[in-house]
Amino acid sequence: MRRSAILVLPLCMAGLVLAQDRDFLTPAEVDQVREVQEPNARMVLYLKFARLRLELVEQALAKYKPGRSLIVHDALDDYSHIIDAIDSVSDDALRHRLAVDKGSVEVAHAEEEFLAKLNKIEPADPPDLVRYKFVLEDAIDTTEDSHQASLEDSKKRSTEIAAADEKEKKDREAMMPAKEVKERKQAEGTSTDSKRKIPSLYRPGEKKPDSDQPPN
């Protein structure tokens with residue numbers, strides 16, 4: 001029994017290392033995300049990718065084959081990252097005072113479906129469960145948290161996000177020298193006085209389309 005536990009741990013650790021080196025979206029999916037800047041539409045697009053990952057899990061679990069545990073593990077890990085991405089889009093939109101009510105409704109309905117599927121896996125007692133139990137539990141927890149957030153009132157969430165951002169800012173300033181804090185505040189004041197930029201949901205690494213090109 002002890003020997004089995006010892007063998008399982010390195011396998012799990014190796015799986016985690018591999019997971020950290022992988023992108024949770026395919027190149028084609030990344031391209032699709034870059035083309036969708038409206039937050040509600042981007043949330044719905046991410047839901048499509050999450051559903052595909054769960055379909056892959058279901059297909060792999062339908063019949064036991066050597067090596068399927070890695071497929072299940074990676075698909076569940078990708079799924080959790082996608083759900084986190086949905087929450088990030090929602091939070092960013094609320095910070096910019098953009099409505100995401102439509103997207104939140106879609107997310108809430110879809111995540112009920114996702115939770116039902118995820119919660120059926122462990123009771124089925126698959127023989128290789130130990131190899132992906134951790135990421136399964138993480139996927140369930142992530143979905144439950146996201147689902148709860150999608151059901152909350154947008155105004156309430158906006159207030160909570162703003163308060164959390166302000167607290168994080170103050171915590172950072174408390175660790176800085178007084179001179180640096182003063183300089184940062186002066187810089188922020190100058191930035192506020194300048195022309196306000198139009199809010200954008202472009203993420204680091206994403207490029208805006210050429211302004212000379214006609215809109216699609």
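In this predicted model, helix α3 (residues 39-62) packs against helix α5 (residues 101-118) at an angle of about 10°, with the two axes 9 Å apart. Angles under 35 degrees count as roughly parallel, so α3 is roughly parallel to α5.

Which residues of α3 meet α5? On the α3 side they are Asn40, Met43, Val44, Leu47, Ala50, Arg51, Leu54 and Glu58. Their partners in α5 include Asp101, Lys102, Val107, Ala110, Phe114 and Leu118.

Helix α3 also has α4 (residues 68-95) as a neighbour: their axes come within 9 Å and cross at roughly 165°. Angles over 145 degrees count as roughly antiparallel, so α3 runs roughly antiparallel to α4. The crossing of these two helices, α3 and α4, is left-handed.

What kinds of residues make up each contact? The table sets them out by class.

| α3 with α5 | nine nonpolar | three polar | seven charged |

Is leucine 94 buried or exposed? Its relative accessibility is 8%, and the cut-off for buried is under 20%, so leucine 94 counts as buried. Leucine 94 and isoleucine 161 are 67 residues apart in sequence, yet their C-alpha atoms are 8.1 Å apart in space.

Methods
Residues are numbered from 1 along each chain as its sequence is written. This is a predicted model: local features need pLDDT of at least 70, side-chain atom pairs count only at pLDDT 80 or more; totals for chains, interfaces and linings use all residues. Side-chain values use heavy atoms; hydrogens and water are left out. Axes are lines fitted to C-alpha atoms, for helices over the stretch in contact, and angles run from 0 to 180 degrees between N-to-C directions. Helices (H or I, at least four residues) and strands (E, at least two) are DSSP runs, numbered from the N terminus. Angles under 35 degrees count as roughly parallel, over 145 as roughly antiparallel, 65 to 115 as roughly perpendicular and the rest as oblique. A crossing is left-handed if the near helix is turned anticlockwise from the far one by less than a right angle, and right-handed if clockwise. Buried means under 20% relative accessible area, exposed over 50%, partly exposed in between (1.4 Å probe, protein chains only). Contact means heavy atoms within 4.5 Å. Ala, Val, Leu, Ile, Met, Phe, Trp, Tyr, Cys and Pro count as nonpolar, Asp, Glu, Lys and Arg as charged, and the others, Gly among them, as polar.
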